[in-house]
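Welcome! Let's take a friendly look at the pockets and cores of one protein.

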Amino acid sequence: MRMLLIHSDYLEYEVKDKALKNPEPISEEQKKGRLDEVLAVFISVEKVDESNPDEVVEKAVKEIKDVAEQVKAERVFVYPFAHLSSELAKPDVALKVLQKIEEKLKEEGFEVKRAPFGYYKAFKLSCKGHPLAELSRTVVPSGEEVS
Ligand SMILES: Nc1ncnc2c1ncn2[C@@H]1O[C@H](CO)[C@@H](NC(=O)[C@@H](N)CO)[C@H]1O
C-alpha cells in the first residue's frame, strides 16, 4: 500500500463520473464532501496487500495515527487514489481495505470521512506547507518486499 499524507487547511471533493463499471453505491449526500483542518491520506491499495489485507490495515492505521499525532490533526480524510502505484489490488479488495481503515481510525477517536470509491472526482486541497505537511508511507504484509 502506498500512502501520500497531506496536512491541509481543507480537502473538498465532488463526484463527477464513474471510473469503474461497478463503483461503490453512494447517497446523494456522499457526492460532495469537505473537511477542514484535516490530514488527507491518498491511498493506493496494492496487489502485494492481497496476501494479508487485515495486517496491512493495521500497519496503515498505525502510520496514519503516528503522523496525525505529530501534526496534531484530529480529522482524517481517507481518499482512494489509484495513481500511487502501477501494481494495484483488485477493486473489491481495495474497497474493503479502505473501509476497514476508516472504521479503525474512528475507533481510535478520529473524525473520519472517506471519499467514494470507483469514481472520478474533482477535489480542492490546501496544503499547510510546514515541514511535516507532505509525507509518504509504504506498508506491506510481513514477509513481503517493498518494490
Ligand atoms: N487499488 C486501488 N486503490 C485505491 N483506489 C482504487 C483502487 N482500485 C480502484 N480504485 C478506485 O477506483 C477508481 C478507478 O481506479 C479510483 N479513482 C481514483 O483514483 C480517482 N482519483 C480518479 O482517478 C479509485 O477510486
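Which residues line the second largest pocket? They are Tyr13, Glu29, Gln30, Lys32, Gly33, Arg34, Glu102, Lys106, Val112, Lys113 and Arg114. This is a predicted model, in which local features need pLDDT of at least 70 and side-chain atom pairs count only at pLDDT 80 or more, while totals for chains, interfaces and linings use all residues. Residues are numbered from 1 along each chain as its sequence is written, and side-chain values use heavy atoms, leaving out hydrogens and water.

**Pockets**

- A pocket is an open set of points on a 1 Å grid over the protein atoms alone, where a 1.4 Å probe fits, with protein on both sides within 12 Å along at least five of seven lines; lining residues have an atom within 4 Å of a point.
- The lining of the second largest pocket has two nonpolar, two polar and seven charged residues.
- The largest pocket has 22 lining residues, and Pro80, Phe81, Ala82, His83 and Tyr119 are the closest to its centre.
- In the lining of the largest pocket, 17 residues are nonpolar, three polar and two charged.

**Nonpolar cores**

- A nonpolar core is a set of buried (under 20% relative accessible area, 1.4 Å probe, protein chains only) Ala, Val, Leu, Ile, Met, Phe, Trp, Tyr and Cys residues joined through side-chain atoms within 4.5 Å.
- The largest nonpolar core holds 31 residues, of which Met1, Met3, Ile43, Ile64, Ile101 and Leu105 touch the most other members.
- Another core, of 13 residues, lies apart from it and includes Tyr13, Ile26, Phe77 and Tyr119.

Note on methods
Ala, Val, Leu, Ile, Met, Phe, Trp, Tyr, Cys and Pro count as nonpolar, Asp, Glu, Lys and Arg as charged, and the others, Gly among them, as polar. Buried means under 20% relative accessible area, exposed over 50%, partly exposed in between (1.4 Å probe, protein chains only).
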